[in-house]
Each structure stands twice: as C-alpha cells, then as structure tokens.
Amino acid sequence: MAYKIFIPRDSSSVSLGADKVYQEILNESKKRNIDIDIVRNGSRGLFWLEPMVEVETSNGRVAYGPINIYDVNSLFESKFFLGNEHPLFLGITEDINWLKNQERLTYARVGITDPVSIEDYERLDGFKGLKNSLKLSSENIVKEISDSGLRGRGGAAFPTGIKWKTVLDAPSKKKYIVCNADEGDSGTFSDRMIMENDPFVLIEGMIIAGLAVGADQGYIYLRSEYPHAQKILNEAIDIALEKNYLGKNILGSDFQFNLEVTRAAGAYICGEETSLLESLEGKRGMVRYKPPLPAIEGLYGKPTVVNNVISLATVPIIMDKGASFYANYGMGRSKGTLPIQLAGNLKQTGLVEKAFGISLKELLYDFGGGSATGRPIKAVQVGGPLGAFLPEAQFDIPLDYEKFSEIKAVVGHGGIVAFDDTVNMSKMARYSFEFCAIESCGKCTPCRIGSTRGIEVIDKIKDGLDQEKNVSLLRDLGDTMVNGSLCAMGGMTPFPVISALNYFPEDFGLEKTET
Amino acid sequence: MALSSSQSEKISVYIQKYQDKPGALLPLMHAIQDDLGFVPEESYASISKAYNLSVAEIHGFVTFYHHFRTHLPGKNILQICRAESCQSMGSEDIENYCQEKLGIDYHQTTKDNSITLEPVYCLGNCACSPAIMINEDVVGRVTPEKIDQIIKEARES
C-alpha cells in the first residue's frame with residue numbers, strides 16, 4: 001500500500017518553497033522505488049513551520065517542518081514515510097500546542113484536506129448546514145444566524161442576522177449575495193486561507209445566505225493580489241455546479257443559486273462595501289452615501305447582502321450545529337470565535353482561531369513566542385492599517401469588540417502585526433497618512449486632502465517646528481477626518497496616527513507624558 | 001502610438017465578449033491587460049462606442065485602479081510589499097536593495113526591459129514577511145540572496 005504524504009499547496013506555503021519540496025519528494029520516491037500517495041492539502045496555518053510535510057500513520061498524522069529541498073534526502077534516509085524520528089520531526093500534528101490550544105470552528109477543515117476534493121468536504125461534515133437549511137423557512141434560517149450572535153468579521157462587526165433580516169424583508173424579485181473578498185488589510189490573511197484551503201465552506205455559506213434572503217445570484221469580489229485563490233475558487237465552483245450544489249434545483253429543491261468570482265483591481269477602498277458595489281457595477285470605486293443601506297438598495301439598486309468571507313464561511317457550522325453551539329463561545333456581545341492572524345515581527349506567525357476573550361498577551365507570547373528578532377515587542381497594530389497601535393501596557397486587553405472600542409482600538413478583521421523596539425512610531429503614523437493619500441477614493445475632502453496635510457504636519461513636528469501648535473493641529477485634523485469622512489478610510493486613519501502620538505510621543509521628538 | 005491590427009482585433013473580441021455582461025468594464029479591462037500586458041488608451045474610443053460610455057468615464061475607470069496600466073511594462077513585474085507587517089520585518093531594506101540593484105525607482109522599468117518595479121500594499125502573506133510578488137508568484141521571507149536569484153531568473157527569462 002502507498003504511504004500517504006501531505007504537502008500543502010496554499011500560496012503562503014508555496015511562497016516558502018512547497019512546490020519545490022513536492023517535486024523533490026516525488027523524484028526521490030521514484031528514485032528509491034517507494035510507493036507514495038501525495039495529497040496537496042491546505043496549510044494548517046503554522047507558517048513558521050511551512051512547508052510542513054505530514055505523513056499518515058496508524059497513530060494519526062505526524063508532521064515534519066520546516067522542510068527545505070535539501071532536507072528531503074535525509075527525510076527518506078530516516079524513512080519519514082513510516083512516521084519515524086528526524087531532526088525536523090514535530091510529532092503528532094494535532095498534538096502540537098499551537099493547534100491543540102485552538103478552537104477551530106470556521107477553520108475546522110483547513111489544512112486537513114485537499115481543498116478541492118468535494119468528497120473530503122462531504123466526509124468532514126460539509127453541506128450538513130445547507131441540508132438543514134433546506135428544511136427551514138427563510139425566517140428560521142435568519143433567526144438561527146441572529147441567535148448565534150455572529151457579527152461581521154470583515155471589521156465592522158455588524159450583526160449578520162440583522163443584515164440578513166433587512167434583505168429578507170426588502171420587497172424585490174431580484175436580490176444579491178456579495179462576498180467581500182477584497183482582503184486588503186495588512187496583517188490579515190484569514191480570508192485567503194479559507195478561499196485557498198476550504199473553498200467549499202465559503203460556497204456553502206453563500207448558498208445558505210441566498211436561501212435565507214431569497215437571492216439567486218452571488219458574487220465573490222476577490223482582490224487581484226490573490227490569483228491563486230481565484231484558481232481554487234473557480235475550480236471549486238465548477239465542481240459544486242457539477243454536483244448540483246449550485247445551479248438549478250439545488251439538491252432536488254426549488255432553489256437555484258449561481259455564483260461567480262469577480263477579480264478586483266488593486267484598490268484598497270473597494271473593501272468598503274459601497275465602493276465595492278460601485279466597482280462590481282463596472283465603475284470607479286467611489287464610496288456611496290448611506291442611507292440607503294446596501295441591504296435595501298445595493299448592487300444595481302437591488303437588496304444586497306454584503307458579507308465578509310469569514311462571516312459567510314462561519315454560516316455552515318452554525319446551521320449544522322445550531323446557534324447555541326456557536327453562541328456558547330466568546331464573551332459579552334462578542335460571540336463565537338475569531339480567526340486571528342499573527343503577523344509581522346513574531347517568532348511563530350500564523351492562524352489562531354480562538355473564542356473571543358483571549359488576551360493580546362497570550363496571543364503574542366504563548367502563541368506567537370515573542371518577537372522574531374528576540375527584541376522586546378514595542379507595539380502592535382490590531383485590525384489592519386486603520387487600527388490603533390497599542391503599547392505593551394495594553395497587552396492584557398481581551399479580544400472583544402466592545403473592550404477594544406473603549407480604548408479607541410478595533411478588533412477589525414483580526415490581524416495582529418507586532419513591531420519590535422527598533423520601530424519608530426512617528427514613521428508608522430506618517431505611513432498611515434501616506435497609505436490614506438494613496439488609497440483614498442477622493443470623495444470626502446478630509447480624507448483626500450487631510451491625509452497629505454497630515455504627512456506635512458507630522459514632518460514639522462519631527463523637525464521640531466512649532467511643536468505645540470502642530471500637535472494641536474494634528475489632533476484637530478484627526479477630529480475633522482473622523483467626523484467629516486463618509487467611510488472608515490478617512491474616518492479611521494486618525495486611529496493609528498493619534499494612538500502613535502499618545503502612546504509614543506518620544507518618537508515624535510516630544511516629551512513623554514503619562515497617558 | 002496606434003494599435004497594431006492584431007491588438008485591435010483582440011480588443012474588439014473582448015468588447016463583444018463582455019458586451020451584455022453587467023459590470024462589464026472590470027472583466028473587460030482584465031481581459032485586455034492579461035492579453036496585451038496593458039490597457040491601451042487607443043482602445044477607449046471603441047469601448048466607449050460599444051458600451052455607451054464616455055471616453056472620460058473609461059479613462060476615469062482605468063486610472064482609478066492601481067492594477068491597470070496604460071503602457072506596456074517590462075517582461076517581468078516585481079512587486080514589493082510596503083505594508084505594515086512587511087515593514088516590521090525589514091521590507092524597507094529589501095525595497096532599497098531592489099531599487100539600488102536595478103537602478104530604478106517604483107513604477108519604472110530597467111533599461112534592458114526585463115523588470116518593472118511596483119509597490120504593493122499587502123499580498124496577504126503577512127505570516128511570511130517580508131514578501132514580494134514576481135509576476136503571479138508570491139515569495140515569502142525574502143532576503144537579498146533570494147532577490148538576487150529572482151532578478152537573475154527574470155533577466156534570463
């Protein structure tokens with residue numbers, strides 16, 4: 001019998017050489033006449049160990065990593081295909097602390113299977129949520145999602161159930177489901193991991209959303225920087241169509257749903273839902289006024305659900321195991337789990353799905369293992385480029401939407417970027433404005449012009465020019481942007497800027513004050 | 001520069017292909033750029049006519065999106081991630097190294113036409129920072145040695 005070997009195929013593992021390792025293992029097995037069966041699985045999200053190669057044994061899967069092509073010979077010498085010891089042996093994969101200490105609900109299948117094997121997906125509880133949903137009325141599906149407490153995982157944390165209810169109640173023959181897969185926030189990659197490693201869960205979530213609100217057409221608006229995800233999604237959509245999970249009379253019901261991937265074109269602002277809709281309609285991605293909400297007048301003026309990848313990919317497990325199963329995780333009004341992405345200057349980077357309530361400290365040190373450079377962690381940015389920078393004094397804060405908002409920070413899409421003590425925070429603040437100037441759609445003056453003026457004011461402060469006056473000008477500019485911008489681009493850029501100024505004034509050439 | 005007849009022909013095929021598709025401009029521009037390497041401004045007139053849009057609207061669309069370009073780039077496109085996660089892992093050094101080695105700034109192409117250098121704001125490879133993308137391949141944990149190799153391969157391609 002052939003030995004079963006798993007080598008990941010997601011773009012991060014490939015970016016670290018997984019394809020070359022695959023080729024080398026294949027060649028070596030032929031040379032040595034060893035019968036192996038290679039599965040190109042997804043990544044389990046332990047990126048400091050990628051490319052991580054796994055072998056199926058009678059005790060479960062065991063892992064080796066990180067594997068370089070030069071390690072392949074010694075792997076064969078030690079007969080790794082039997083699960084033997086090797087200097088890069090990591091033991092039973094699921095016993096690795098990083099994985100053992102997680103609560104993987106949305107990510108239950110990620111890294112385990114071949115992403116486009118629908119048989120694997122079905123075998124591992126796939127489409128159970130859809131099958132349950134097909135037996136329910138639209139109202140009851142929406143109720144289940146409302147009861148689960150699921151909130152928008154893209155960053156805004158708006159209750160998904162309320163959004164769905166609004167679309168359900170909007171009278172219209174035509175409605176749309178739009179998946180926001182324009183994952184542009186730096187430090188985030190959980191959407192990409194779902195799309196590359198378990199695309200069927202997103203497809204299933206979108207079908208259920210269609211069923212819940214009465215929409216028959218879905219679009220996945222995918223950022224152009226993710227060509228790998230596009231290939232996998234399209235492959236998965238074709239398979240789902242063939243198996244009648246998409247198309248007409250889904251699983252023998254009256255329900256029909258079609259799904260299509262639309263490739264974006266590199267504008268960060270198109271992650272904002274109204275700008276995304278404009279773009280999808282073939283226009284410049286200019287932000288729209290709200291109201292009307294997209295749930296009432298969205299794509300082509302029709303009621304539209306716009307949800308993030310993770311929100312939609314969490315729907316199937318809720319519909320499979322029930323609202324209370326999901327709502328039992330988490331704290332306060334932050335129910336369920338969040339796929340947290342540990343990025344930047346950390347020893348152990350990757351994907352950690354945990355119930356809300358875990359502290360930054362646990363994430364940075366227990367999971368992350370401290371900084372990669374071995375220096376003290378000076379600051380972290382949570383929630384992407386529009387999220388506040390937080391100093392060590394705030395690392396005890398639990399991951400919870402409300403707790404974060406109390407300190408003018410955001411959980412956002414769950415990305416955490418760590419910086420060591422060599423970072424200069426005035427430079428990061430300046431970069432925040434620079435990024436805003438590059439990516440602003442230009443509709444609101446405070447965002448379009450304020451971002452450039454902000455760069456100049458920071459430069460003046462750093463140069464020691466009229467510091468007191470310029471600091472107050474910077475705060476005033478921040479206020480204007482927060483209150484005078486339509487969307488989060490201009491409305492939140494001051495968060496990283498002002499937090500950097502408050503927590504790290506010495507980096508701006510100012511006296512350190514107690515904050 | 002006028003379009004070659006083969007370019008015009010390709011463009012009109014794509015214009016027809018997406019004619020009845022809602023939101024046609026996005027897939028249309030992708031199709032043109034994927035094939036020709038850029039979106040020629042000379043194509044605006046025929047798109048305008050077929051889609052009942054003004055040339056200004058088409059120009060506005062193309063220039064809004066960072067991904068679309070109106071001039072032919074070098075044979076290879078090297079994108080360097082400038083976002084926060086990569087910065088925390090030394091992307092600025094990588095940026096300087098590339099610019100110095102290639103002798104060009106962002107949005108420029110080397111004299112031998114082998115590489116166009118572009119900034120990018122997040123490749124979603126933040127757990128493997130610093131990251132770059134060469135054409136459609138992402139490379140993680142980039143070092144100057146890896147850059148040397150990538151540039152060498154690009155020049156030989």
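This is a predicted model: local features need pLDDT of at least 70, side-chain atom pairs count only at pLDDT 80 or more; totals for chains, interfaces and linings use all residues.
Biologist: How many helices and strands are in chain A?

Modeller: Helices (H or I, at least four residues) and strands (E, at least two) are DSSP runs, numbered from the N terminus. Chain A contains 22 helices and 16 strands. The radius of gyration is taken over C-alpha atoms, and the globule rule is 2.2 Å times the number of residues to the power 0.38. For chain A the radius is 24 Å, close to the 24 Å that the rule gives for 515 residues, so the chain is as compact as a globular protein of that length. Its C-alpha trace spans about 75 × 60 × 40 Å along the principal axes.

Biologist: What is the order of the strands in the open sheet of chain A?

Modeller: Two strands pair if DSSP finds at least two bridges between them. In chain A, five strands form an open sheet with mixed pairing, in the order β2-β1-β3-β4-β5. Its edge strands, β2 (36-39) and β5 (89-92), each pair on one side only. From one strand to the next, the twist averages 25°. Four bridges join β1 (residues 3-6) to β2(A) in the parallel sense, and A:Phe6 has A:Val39 as its bridge partner in β2(A).

Biologist: Which helix packs on that sheet, and which strands does it touch?

Modeller: Two residues are in contact if their C-beta atoms, placed from the backbone, lie within 7 Å. Axes are lines fitted to C-alpha atoms, for helices over the stretch in contact, and angles run from 0 to 180 degrees between N-to-C directions. Helix α2 (residues 18-31) of chain A packs on the sheet and touches β1, β2 and β3 (53-57) of chain A, its direction making about 170° with that of β2(A).

Biologist: At what angle do helices α17 and α22 of chain A pack?

Modeller: Angles under 35 degrees count as roughly parallel, over 145 as roughly antiparallel, 65 to 115 as roughly perpendicular and the rest as oblique. Helix α17 (residues 425-439) and helix α22 (residues 494-503) of chain A have axes 8 Å apart and pack at an angle of about 165°; α17(A) and α22(A) are therefore roughly antiparallel to each other. Among the residues that meet are A:Met425 and A:Phe433 in α17(A), and A:Pro496 and A:Leu501 in α22(A).

Biologist: Which residue classes make up this contact of α17(A) with α22(A)?

Modeller: Ala, Val, Leu, Ile, Met, Phe, Trp, Tyr, Cys and Pro count as nonpolar, Asp, Glu, Lys and Arg as charged, and the others, Gly among them, as polar. The contact of α17(A) with α22(A) has eight nonpolar, two polar and no charged residues.

Biologist: How many residues of chain B are in contact with chain A?

Modeller: The contact involves 34 residues of chain B and 46 residues of chain A. On the side of chain B that touches chain A, α2 (25-36), α4 (55-64), α5 (84-88) and β5 (137-139) each supply at least two residues. That side has 20 nonpolar, eleven polar and three charged residues.

Biologist: What is the order of the strands in the open sheet of chain B?

Modeller: Chain B has seven helices and five strands, and its five-strand open sheet has the order β2-β3-β1-β4-β5 with mixed pairing. Strands β2(B) and β3(B) run antiparallel and are joined by two bridges. Across this pair, B:Thr109 stands opposite B:Thr116 in β3(B).

Biologist: Which peptide bond of chain A is cis, and where does A:Asn33 lie?

Modeller: Most residues other than glycine have a negative phi, and most peptide bonds are trans. The bond from A:Pro291 to A:Pro292 is cis, with omega near 0°, and A:Pro292 lies in the loop between α12 (273-280) and β9 (304-308) of chain A. A:Asn33 has a positive phi of about 60° although it is not a glycine, and A:Asn33 is placed in the loop between α2 and β2 of chain A.

Definitions and conventions:
Residues are numbered from 1 along each chain as its sequence is written. Chains are lettered from A and ligands numbered from 1 in the order in which they are written.
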